[in-house]
Amino acid sequence: NYLYVSGTSSTFVNHLEKYADYLSTNFSSKGLVIDIGSNDGTILKAFKKLGYRVLGVEPAKAIAEDAIKNGIDTIIDFFNPAAASKIKKKYGEANIICANNVFAHIDNPCDFLAGVREIISPENGVFCFEVSYLKDVIENTYFDTIYHEHLDYHSLLSLRGFLKRNGFEIIDALKVATHGGSIRVVCQKIGGIYKISESVNQLITEEYSKGLHELSTFVDFSNQIQKTRNSLREVLKDLKAKGKTIVGYGAPAKATTLMHHFDIGKEEIDYIVDDSKWKQNLYTPGKKIKILPVTYMYEHHPDYVLILAWNFADFIIKKN
């Protein structure tokens with residue numbers, strides 16, 4: 001949710017409001033929206049402005065307290081069936097439940113969905129979440145998005161079966177640009193009042209055509225990762241042989257995956273810069289490359305910059 005600046009959060013909210021007429025006609029201004037993994041409450045602010053009651057669920061205490069100070073009612077806890085029962089008793093059932101960039105991180109998604117079933121309105125409730133889209137991961141060799149936080153990697157085909165086994169049906173799906181390619185999935189309890197959008201079958205048909213259900217697709221994916229490794233290492237090795245300085249831009253978790261899998265370290269990268277003050281003057285895990293403020297790069301004029309936070313490449317290039 002850190003990525004949900006006001007423009008993006010408005011787009012997300014507008015999709016839930018008007019992607020089909022039934023949402024705006026069935027949700028009253030007094031409806032309850034719950035955001036699981038609500039962070040600073042950015043998305044909930046947009047819903048609150050539209051007249052909804054809002055509630056965040058966020059286990060990170062400091063950022064949850066910031067949200068509360070900014071007028072977003074927030075429960076500081078992890079979401080599970082026990083928490084859901086408490087929420088239902090105090091706040092009632094929810095019309096909209098969101099979980100953006102959360103669903104792939106949880107240890108027990110069945111328990112998580114049991115909690116959602118507990119508090120979602122059976123009449124007109126929808127559960128909406130975003131996850132990195134496996135189709136984009138495969139097509140664009142986004143192997144570095146695979147790391148310890150992400151326990152699952154989703155296709156709509158696999159999600160449809162999994163959600164059905166847990167009492168839900170997908171009613172809409174939309175590809176979005178977040179994290180280099182994500183999928184926004186909207187579902188309801190099985191037998192709910194909303195019609196299933198054509199988008200669901202369209203995307204699943206695309207997944208079949210791309211072979212996301214076949215083992216050979218993942219063997220090819222592995223081979224492409226190796227080709228990318230060899231190509232990048234060759235470029236970096238050639239530049240260093242010419243005495244060039246190379247700086248990494250950004251120190252996200254995906255950079256750690258890339259550097260270890262490609263065996264890129266201090267011999268190739270002189271240092272890394274990052275805009276986040278929380279990362280500055282620390283070191284990358286394992287490779288121990290120092291992370292410095294971006295101002296350091298401007299003071300020392302490196303020859304090349306390798307953008308490690310590639311999902312922000314357009315912003316980084318424009319800014320610099």
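Buried means under 20% relative accessible area, exposed means over 50%, and partly exposed covers what falls in between, using a 1.4 Å probe and protein chains only. The model you are looking at is predicted, so local features need a pLDDT of at least 70 and side-chain atom pairs count only at pLDDT 80 or more, while totals for chains, interfaces and linings use all residues. Residues are numbered from 1 along each chain as its sequence is written, and side-chain values use heavy atoms, with hydrogens and water left out. Here is a friendly tour, topic by topic.

**A nonpolar patch on the surface**

- L215 belongs to helix 10, which covers residues 215-241; helices (H or I, at least four residues) and strands (E, at least two) are DSSP runs, numbered from the N terminus.
- Together with F218 and V219, L215 forms a nonpolar surface patch with about 280 Å² of accessible area.
- Patches are built from residues with over 30% relative accessible area and no salt bridge, joining like charges within 9 Å and nonpolar side chains (Val, Leu, Ile, Met, Phe, Trp, Tyr) within 5 Å.
- The accessible areas come from the Shrake-Rupley method with a 1.4 Å probe, and for residues only the protein chains shown count as cover.

**Salt bridges**

- Side chains of opposite charge can pair when their charged atoms come close.
- A salt bridge here is a side-chain nitrogen of Lys or Arg within 4 Å of a carboxyl oxygen of Asp or Glu, and the structure holds 10 of them.
- One of them joins E268 and R233, whose closest N and O atoms are 3.8 Å apart. E268 sits in the loop between helix 11 (253-261) and strand 9 and R233 sits in helix 10, so this pair ties together parts that are 35 residues apart in sequence.
- K240 pairs with D270, with 2.9 Å between the closest N and O atoms. Because K240 is in helix 10 and D270 is in the loop between helix 11 and strand 9, the pair ties together parts that are 30 residues apart in sequence.
- K240 is partly exposed at 24% relative accessibility, and D270 is partly exposed at 36%.
- D275 and K319 also meet through their side chains, at 3.0 Å from N to O. This pair links distant parts of the chain, 44 residues apart, with D275 in the loop between strand 9 and strand 10 and K319 in helix 13 (residues 313-319).
- D275 has a relative accessible area of 40% and is partly exposed; K319, at 47%, is partly exposed too.
- K135, E139, E206 and K210 are linked in a network of salt bridges.

**The cavity**

- A cavity is a set of points, on a 1 Å grid over the protein atoms alone, where a 1.4 Å probe fits but cannot get out; its lining residues have an atom within 4 Å of a point.
- Grid points are joined across faces, edges and corners, and a volume is the space filled by probe spheres set on the points.
- The count comes to one cavity of 30 Å³ or more, and the largest cavity holds about 50 Å³ of space.
- Its lining residues include I120, P122, E123, K189 and Y194.
- By class, the lining of the largest cavity has four nonpolar, five polar and two charged residues.
- In this scheme Ala, Val, Leu, Ile, Met, Phe, Trp, Tyr, Cys and Pro count as nonpolar, Asp, Glu, Lys and Arg as charged, and the others, Gly among them, as polar.

- T141 is not a glycine, yet it has a positive phi of about 55 degrees.
- T141 is in the loop between helix 7 (134-139) and helix 8 (156-165), and it is buried at 15% relative accessible area.
- K288, another residue other than glycine, has a positive phi near 55 degrees.
- K288 is in the loop between strand 9 (271-273) and strand 10 (291-292), and it is exposed at 54% relative accessible area.

**Residue pairs across the sequence**

- I272 lies in strand 9 and is buried, with a relative accessible area of 0%.
- From C-alpha to C-alpha, I272 and M297 are 8.8 Å apart in space and 25 residues apart in sequence.
- A313 is part of helix 13 and counts as buried at 18% relative accessibility.
- A313 and G250 are 63 residues apart in sequence, with 9.8 Å between their C-alpha atoms.

Key:
1 Å grid on protein atoms, 1.4 Å probe; cavity = no way out; pocket = protein on both sides within 12 Å on 5 of 7 lines; lining within 4 Å.
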